Amino acid sequence: MQSLAEPHTVNPVGAMVPRPFRLADRRQDTADTFTIMLEPTDGVPLEFIPGQFTMLSAFGVGEVPISVSSSAHVAGPLQHTIRDVGAVTHALANTSVGDVVGVRGPYGTGWEVTDGAGGDVVLVAGGIGLAPLRPAVLEVLTHRERYGRVVLLYGTRSPEDLLFADELQSWANQEIEVLVTVDYGTPSWFGRVGLVTTLITRAGFAPRSSLALVCGPEVMMRFTAAALIKRGVRPDKVRVSLERNMRCGVGLCGHCQYRELFVCVDGPVLPFARVADLLGVREL
Amino acid sequence: MSPSRLASSCSERGSQANQFFVVRRGRVAIEVHGPAAGTMVVDTADAGDVVGWSWLVPPYEWLFDARAVEPTGAVAFDGQCLRGKCEEDPRLGYELMKLVTQVMLSRLTAARLRLLDLYGTAGTTSPLLSPLLTEAKATWARPINEGATDAEPG
């Protein structure tokens with residue numbers, strides 16, 4: 001992996017120019033989260049690896065880093081699952097089919113799911129963290145025979161906030177053990193209520209031969225990684241996806257600097273062992 | 001200690017807590033009811049989990065409602081009897097407390113993390129907390145000097 005001591009060799013000019021993509025479709029996933037399906041106006045698909053992100057432009061409003069949520073192997077629209085929380089994401093939420101948005105990238109490191117081939121794979125998602133993990137799930141499903149047991153542990157705020165609810169069932173039907181928990185439920189919710197870390201002891205996987213991919217809020221990732229390691233997963237086999245204020249995407253502007261790391265090029269996916277100390281530092 | 005199939009409600013807040021349960025299969029929802037929030041499920045217990053700690057602590061009354069949300073099998077333990085045994089044999093009591101404390105700590109940690117509303121957006125409040133805050137505001141938001149008349153200094 002590159003660091004400050006190793007100058008990045010990306011051509012910053014080419015990397016800074018957004019490509020126009022047309023909105024082919026849009027899906028409202030939850031009250032505040034939606035998925036946009038984008039087609040390149042020049043017809044050239046954007047290649048990426050699971051875990052990477054792009055810079056999405058709402059022209060005239062701004063840019064925002066969003067992880068790709070579609071399959072890297074199946075031809076089709078480029079998908080991003082976005083939570084409507086700020087000016088740019090709000091503008092993207094209000095785009096209509098046929099509108100054009102800008103896409104730069106893809107940037108950063110990926111999950112490298114293939115490292116888990118021959119062993120078990122544990123995917124742990126918190127909230128909208130399921131979106132960056134979706135391409136990894138789809139990659140595993142594409143080559144399901146290469147992996148042992150595959151477990152998806154998903155924690156979210158409430159039953160109404162479940163992402164990809166239909167797909168969760170479909171994945172469960174394709175030999176993925178899917179365990180879901182919510183922070184709070186109503187009497188009509190018969191599923192689990194509790195923290196996602198409580199699922200780690202319940203899931204069926206062999207820890208010593210497992211690759212664990214974790215995505216969610218940093219506090220959740222810290223406790224999840226600790227629980228995975230306590231169960232026996234090797235620390236170098238736990239990967240997390242960090243979220244920082246990515247701007248340029250090529251390691252030049254420094255907005256996403258995380259001590260010696262530039263998250264846009266060194267991350268967003270990093271071995272937990274590399275960032276374990278950093279995650280506990282206040283205001284870093 | 002006898003195997004027991006939980007009724008639809010195995011504990012009711014305020015009632016005497018002389019038993020606790022170890023769930024063997026199925027699921028039990030731990031519920032709380034409030035005027036602002038209605039009934040909310042704040043936790044669930046699955047196979048291997050313990051339901052009920054109130055038998056350990058005076059006044060030995062259930063603090064939450066527990067309800068089986070699917071066909072559930074559990075082993076019921078006589079907490080009152082076990083309390084007596086622990087009083088008679090402090091070594092047993094200490095060993096039991098060590099086990100119980102581990103589980104309680106993990107539940108407390110999980111509850112605290114959920115209060116952070118990790119998956120909410122900035123500025124939102126945990127749905128577990130918001131009804132409490134609403135009630136607290138209604139109680140405490142009145143100005144301290146409400147009803148008092150301004151007095152001119154003499």
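**A friendly note on a two-chain model**

1. Let's start where the chains meet: 20 residues of chain B are in contact with 24 residues of chain A. Here, two residues are in contact if their C-beta atoms, placed from the backbone, lie within 7 Å. On the chain B side, the elements that give two or more residues are strand S5 (38-45) and H2 of chain B. S5(B) gives the most, with 6 residues. Sorted by class, this side of chain B has 12 nonpolar, 4 polar and 4 charged residues. For these classes, Ala, Val, Leu, Ile, Met, Phe, Trp, Tyr, Cys and Pro count as nonpolar, Asp, Glu, Lys and Arg as charged, and the others, Gly among them, as polar.

2. A word on what you are looking at. This is a predicted model, in which local features need pLDDT of at least 70, side-chain atom pairs count only at pLDDT 80 or more, and totals for chains, interfaces and linings use all residues. Residues are numbered from 1 along each chain as its sequence is written, while chains are lettered from A and ligands numbered from 1 in the order in which they are written. Helices (H or I, at least four residues) and strands (E, at least two) are DSSP runs, numbered from the N terminus.

3. Chain B has a mean pLDDT (the predictor's confidence in each residue, from 0 to 100) of 79, and 69% of its residues reach 70 or more. Residues 1-5 of chain B have pLDDT below 50, yet the stretch has 10 contacts beyond near neighbours in sequence. Where pLDDT is low, the predicted coordinates should not be read in detail.

4. Now turn to chain A, which is divided into domain 1 (12-107) and domain 2 (113-279); these bounds come from an automatic or database domain assignment. Taken over C-alpha atoms, the domain centres are 22 Å apart. Between them, 24 residues of domain 1 are in contact with 22 residues of domain 2. On the domain 1 side, S6(A) supplies the largest share, 3 residues. By class, that side has 11 nonpolar, 10 polar and 3 charged residues.

5. S6(A) also has a strand partner. Strand S1 (residues 19-28) of chain A runs antiparallel to S6(A), joined by 4 bridges; strands pair if DSSP finds at least two bridges between them. A:Phe21 has A:Val101 in S6(A) as its bridge partner. S1(A) also pairs with strand S2 (residues 33-40) of chain A, antiparallel over 7 bridges, and A:Arg27 stands opposite A:Thr35 in S2(A). S1(A) and S2(A) form a hairpin with 4 residues between them.

6. The buried residues of H5(A) include A:Met220, A:Phe223 and A:Leu228. A residue is buried if 20 or more other C-beta atoms, placed from the backbone, lie within 10 Å of its own. Their cover includes helix H7 (272-279) of chain A and helix H2 (90-115) of chain B. After H5(A) comes A:Gly232, with a positive phi near 125°.

Note on methods. Buried ≥ 20, exposed ≤ 12 C-beta atoms within 10 Å, placed from the backbone.
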